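Good morning, and thank you for coming.

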Amino acid sequence: MSMPIRYTALIVALGVAGLSACSSVQTPGTYKMTTPIPPEITTPSVVETRIGRLNYFDGVPTRETAQKVYDNLDFQRGVEAFLSGIPGASLVAIRTGLREVGAVGNTVGVFETLMDSKSLYLTANTETVYFWNWMDLKDGPVVVETPPNILGVVDDFWFRYVTDMGNAGPDKGHGGKYLFVPPGYAGALPKSGYFVVSPPTFGNLLFGRAFMKDGDPKPGVDALKRGLKVYRLSEASSPPPTKFVNLSGRVMNTVHANNFKFFEEVNQIIQEEPAGVYGPDMTGIFASIGLQKGKPFAPDDRMRGILTDAVAVGNATARAIDFASRDKATLIYPDRHWNTPFVGGSYQWLNEGARNFDARTMFFYAATIDTPAMAVAMPGIGSQYAAANYDANGQAFDGSKMYTLHVAPDVPVKDFWSVVLYDTQTRSMLQTDQQFPSLSSEKNLQKNADGSVDLYFGPQAPVGKESNWIQTIPGKSWMTIFRLYGPLQAWFDKRWKLNDIAEIR
């Protein structure tokens, strides 16, 4: 005869409560079938660990130990959800900013007089004409027509590369029609005339650059307005005109949160996109902390406290990876302090089938837009980046001090090079009295007799060097990115090298 369920549960509860009491009373004896047990496969009754003392009765954790390790497990998964969720949270923040200015649907946001430091964008630049658009495929396929001579990219909602357009894309910079097909779409599609692309998510970022002519952004802006078109395939027979909104000088925030709000940002993607689109492992990590499609994200007080702590530690981890990397592979030169954002030259951060998670975190915590054109050696096409967080002595930059960067002559670029300073808190352009915290080869820089250039970074301009100076802020740190547009072979094989930024004492 079986016992009622309530009595069985009571007996189990009493048994668990008494585990620690009986653990010190008896020692197991030897029996006919007893064999030697290797000690490495057993668990002692007491184990000291970084999360405290763990207690067992013959390998069975006490109730207190079980709760302690579950708290730790939830914390670990919260930290992992933060680090791996950064790309998606970043795109949620970008979408929020684009929605606020109306750069969605068939309206494209263009920085007609370039982006300045009022806009909070992760390590954006001041030297090219950006265009941005949030492309939503939930209502069916979308057509994007590109003008000649642009650099365009589409990334999905988890910031994974979808396709290039323009100079690095299949249209080879001549302009073309791209057809973006939503997940699960079963309708009829044109048989020809388009570059057909099938992103794994409904939400996608359309991003690109047009180029200035002799320092003037207007030709690039005009080319965009003439040739860039965004419309639904269902409207292809008579497309509505694409609208453009000027984003220059706009106060916008497109940077993800570094507190509990971060998880609410990630939850937007999980609820809107197909289940499992980020892969089963990460989908499982998110689900384990309450981020699950079709269910409200409503952690109790215990879980909210753990996740709040997890964000703090995750943020600290991301900042350590970005500003104090322990991976020597991030260094472009072994004897200098310039880092590459694409460790191993892979836009997927892969090496022999293994993903370098720290390298991916390093990129997405400080940057946006994923494309092979920025990672793979493509001489004369795309762009390359070198980031510096430390001076020649390995010290963080101090906004109260003066520094110099000696740029050797014959920088290997087909187009131009630039230097931009960023706020280490926001990873966005440093906000000073200068509208554009940057210098470039297209500016009227003072050159040395051999064609080299000395740049200066400090709170006040050196006398007579105003044209070569970027302002910094006492009491704040900063970081910088050196960009090469149309990089040439001498950059890739390191025949030409960047010097460290040195403090002027």
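Two strands are said to pair if DSSP finds at least two bridges between them. Helices (H or I, at least four residues) and strands (E, at least two) are DSSP runs, numbered from the N terminus. What we see is a predicted model, in which local features need pLDDT of at least 70, side-chain atom pairs count only at pLDDT 80 or more, and totals for chains, interfaces and linings use all residues. Residues are numbered from 1 along each chain as its sequence is written, and side-chain values use heavy atoms, with hydrogens and water left out.

I turn to strand β23. Valine 419 stands opposite phenylalanine 482 in β23. Strand β19, residues 413-422, pairs with β23 in the antiparallel sense over eight bridges. Strand β17, residues 383-388, is also antiparallel to β23, with six bridges; here tyrosine 485 of β23 is the bridge partner of serine 383. Buried means under 20% relative accessible area, exposed over 50%, and partly exposed in between, with a 1.4 Å probe and protein chains only. Nine of the nine residues of β23 are buried, so the strand is largely enclosed by the rest of the structure.

Next, helix α7. Its buried residues include Met303, Leu307 and Phe323. What covers the buried residues of α7 includes α3, α5 and β23, where contact means heavy atoms within 4.5 Å.

Finally, the loops. Aspartate 58, between β2 and β3, has a positive phi near 50 degrees. At 68% relative accessibility, aspartate 58 counts as exposed.
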